[in-house]
Amino acid sequence: MRKILQWRWAIFAVWIVSAVLLTVFQPDINAILKQRGQGQLSADTPSKIAESILNKMRTTKGNEELIVFYDKNKLSDDDMKQIQTGIQEIQKSKTELGVGDIIDPFSKPDAKSSLLSKDGTTLLVSFKLDVKGRDIDNIQKALDKKLKDVKVTYYLTGTDFINNDYAKLSISGVEKSGVLTVGFILVILVIMFRSVVTPLASLLAVGLSYLCSMGIAAQLIEKLDFPVTSLTQLLLILILFGVGTDYNILLFNRFREEMSHGHSVDDAIIITYKTAGKTIFYSILTVFIAFVSLVFAKFDIYQSGTVVAIGTAIFLLQILTFTSVLMKVFGNKLFWPSKTSSGHRENKFWDKITSVSVKYPLIAILLILGLTAPVIYFNKQNISFDSLKELGASSPAAKGFNLVSEHFGKGQAMPTIIAIENDEALDNNEAMAVLDKLTEDIKDIAGVEKVSSVTQPAAEPIKDFYISSQTETTTKGMDATKDGVNRISDGLNQMSSKLNTPDFSSVNDLINGTGGIETGLGSITDGLSQIDNGIEQGASGAAGLSDGIGKVKTGLSTISSKTSEVANGLSSLQGGYVKVRNGYKSIEQQLPAIQQGLGGMNQLIGALGKKYPEQLASDEQYLTLKQTGASLASGLAQLNGGIVELGKNYDTLNSNFLTTNKGLKQLAAAQKKMVSGLDELQKGAVTLSDGLKKGSAGQKTIITNMAKLKSGVSKIKDGQQQLSDGLSKLSGGMGHLKDGINKSSNGLGDISDGLEKTNKYLIQLKDSKTFFIPKEALTSDDFKKAINNYMSADRKITKITVVLKDDPYSTNALKTAEKINDVVVNGLKGTALADAKFGTGGPSSSSNDMSKVLKDDLNRMRVIILVSVFIVLVLTIRSISIPIYIVGSIIGAYYIGMTVANFVAYDVLKLDGVSSYMPFFTFIVIVSMGVDYSIFLMMRFKEYPDLSPKEAIVQASKHIGGVIMSAGIILAGTFATLIPSGLALLIEMGTAVIVGIVALCIIFLPIFVPALIALPDFIKRFTK
């Protein structure tokens, strides 16, 4: 230390020069922040995956932005013309402006209904903006220049413009807070030290630390891509000026105290650094460790807090060198014009409440636990990412977005986008069926307003793409087919009923009659032989000859009668055969039509199977129907062949009938002649004796002819027997024909039943939402528009647009986004897109991802920070129990501060929750400051080793309480400067830190920690 004092001017110069150089060459952090943005999520989060996929799909780079034109009295025709002219100017300079994919109602009239509000007051023009590293303010000025002739009120809004307004408000808040902080600290220090020099010296020392720290941090941010947020600069200001001032107060008070003891300036400085300096070192160490542990955070916004670790390290170096130089240079004049030489007076407030708490430690502990436990238990923190609400009505981007929300709905302005990327093309029925099912599943989520996708581009199902609609036509065709089959079956039944087996019993009678003729002819022949003998014997046999002739005449009459009967029977039988043949011809003519109808029916059954392979491939009824149709077709083909062959047999048989009938007619004619001849013979019997010789010769001729006649009749009988056998076979064929027709009718009945069951199954499909897109629809020009809008050029990427019912940044919207993620995961699992890459983008999804990362990081970093500071406390205080008391006190103070911050967020600012980053930074500030103040107290506590713990803590509280209260007031005042910033994040953080610090300084450090320290002695005394 003496060497530092010896080289004081060199050290002074080094600090001044360093601060100047680092400030002059400091990169513009605000510009870096605007360009880089903040809160970058890791690449494996759903929103980042979606962003990556959608970037491959987009042909134009940039974010979606909006120009919102508004007139509360309705946009007039002149307004619309002005707007059209302005948009045309932007169109001409698209490349220069970095603008693309402009959608307006003038160049795309079809989009007018979705771009103009129903009341006609608000018109949207959407476009993509590629920032290309430019400043958003400059881009806005360029767009304003193009719209200079538009008199209608308009706003530029969207992701880039909202973020820019938020960044500007943050920067403005930081600058405002910085000025207020410096002014507040200056006033407080003047009041505390009643000096003009002390505040200026303190601010100079802290200011140099800040400038050097910020200069180094800015270089790291620019050169090494060190994380940066809108809170980076603010945190450094608050911690360095708040904590640095606290350390200076402790240091200057101890220095004044040592000077009052009569020490020289050098000795007073050395003693001060040995006592208060040691306390400050440990305090800075805890702050440094708390903030340097943020390197273990996963989120870059949390990591950005490590800049405070750089600041505390620089401040430690500064307080060891530059502050000691100031103390050496100014000496007693450091406190001019105050003439008080003593340090901080004893603090009566801490003295009294600490004394009471150690006297009644159990009561004090129970009271504080009774206050703190419910606060911790019931504390629930909803994190809000609604930067629009935080911006309020002052932001042009927020105003524009609020107009969109009011007239179109917030969900419409900032939808959630699901992006899916597959290795194979998605423009096929199998993939689209999965996408359509996923679309319907997402619609079922409670917080979803509407969903549009490649299969539902208008956010409504296309009826023609579902089997339920397609089966209506099919079922009508099935009904018509069933009616046709039933008609064929009825025709076959009628044919079967008329196709009776003929009665061929008369054929046997005919054969018997022919046999009788043959017998009669034999008798006649015998008679003629006797006549012949009689003739030869002489005239004496004339009387016998006359009798023989009478017998012959009688026999011939009988034969003639029988022959007539046979002829008539053959004529009747031939008529029956003709009718049978005509029936066969009718069947033969009808069978091709039946075969054709059955073939058409089988083709319909086959087409149905091809159209619905998955539904009918394993359907037993369908398979039975198909097999029956095929079997019936084969049977009908065989039946047709049999009927054709049977017709040929009929023709042959009919020809034989004609021949036989002709012979019988000739025989009947001959018999008539013979009867006439016998008549003449009988008449001439008297004169027979004269012509016996001639009669004998004629008689022999007759006998010969009769033998021939008998032989012909025998052949007729054999023919009739063959006819009988043929007719028997014909009768059997007729039975088979009738059986075949009956089976055909039954088969058609089965087909009819199958068609009916199939139709019922198809009717059931009407109630299902099975997606099936016909090939002709898939290749149609109309549907190609949807494919182009919702798919990439290679058809391997698609998107689903989801409009939510709630504010995209609201807690409900974030829950809906999480449900959407779950539905997508489950919806693709086990499908044709099971291996597809997918993500969910949009503000709701990205906020949900950020919320999960923040909560996870917050819980993890809480443990790391608390363990880190606990270890430092153990090493500093050389105790296990007291660090536990301190850590418990800090946790209680944090939750009390957060409870009040929640009240401010919900009931004052009317937000859905506290700002996203506030809980974490509030926690680390309260922890680091709480540990600081605790070290102040415990280092003083260790200065009384000869006293009992109870007495030592009272003495420490009495002497250091004023310093801690002063430090608490300064820190609380420093954070109070955040409240006028107008930014919800800073208001909430300032409120939470103020309340937490107050709780530490009034409740936990003077009451709870001393009571816990005194509790063991109290228990011992009470148990004796």
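Me: What handedness does the crossing of α8 and α9 have?

Reply: The model is a predicted one, to start with. In it, α8 and α9 cross in a left-handed way.

Me: Which residues make the contact of α8 with α9, and what kinds are they?

Reply: From α8 come I136, D137, Q140 and L143, while α9 brings D160, F161, N164 and K168. Sorted by type, the contact has three nonpolar, two polar and three charged residues.

Me: What makes β2 and β4 the edge strands?

Reply: The open sheet runs β2-β3-β1-β4, with antiparallel pairing. β2 (99-103) and β4 (153-158) each pair on one side only. From one strand to the next, the twist averages 25°.

Me: How do you know that β1 and β3 pair?

Reply: Pairing takes at least two bridges between the strands. Eight bridges join β1 (residues 63-70) to β3 (residues 122-129), so by that cut-off they count as paired. The two run antiparallel, and E65 stands opposite F127 in β3.

Me: Which helices lie on the sheet?

Reply: Helix α8 (residues 136-146) lies across β2, β3 and β4, at about 145° to β4. Helix α18 (residues 396-407) packs there too, touching β1, β3 and β4, with its direction at about 95° to that of β4.

Terms used:
Residues are numbered from 1 along each chain as its sequence is written. This is a predicted model: local features need pLDDT of at least 70, side-chain atom pairs count only at pLDDT 80 or more; totals for chains, interfaces and linings use all residues. Side-chain values use heavy atoms; hydrogens and water are left out. Helices (H or I, at least four residues) and strands (E, at least two) are DSSP runs, numbered from the N terminus. Axes are lines fitted to C-alpha atoms, for helices over the stretch in contact, and angles run from 0 to 180 degrees between N-to-C directions. Contact means heavy atoms within 4.5 Å. A crossing is left-handed if the near helix is turned anticlockwise from the far one by less than a right angle, and right-handed if clockwise. Ala, Val, Leu, Ile, Met, Phe, Trp, Tyr, Cys and Pro count as nonpolar, Asp, Glu, Lys and Arg as charged, and the others, Gly among them, as polar.
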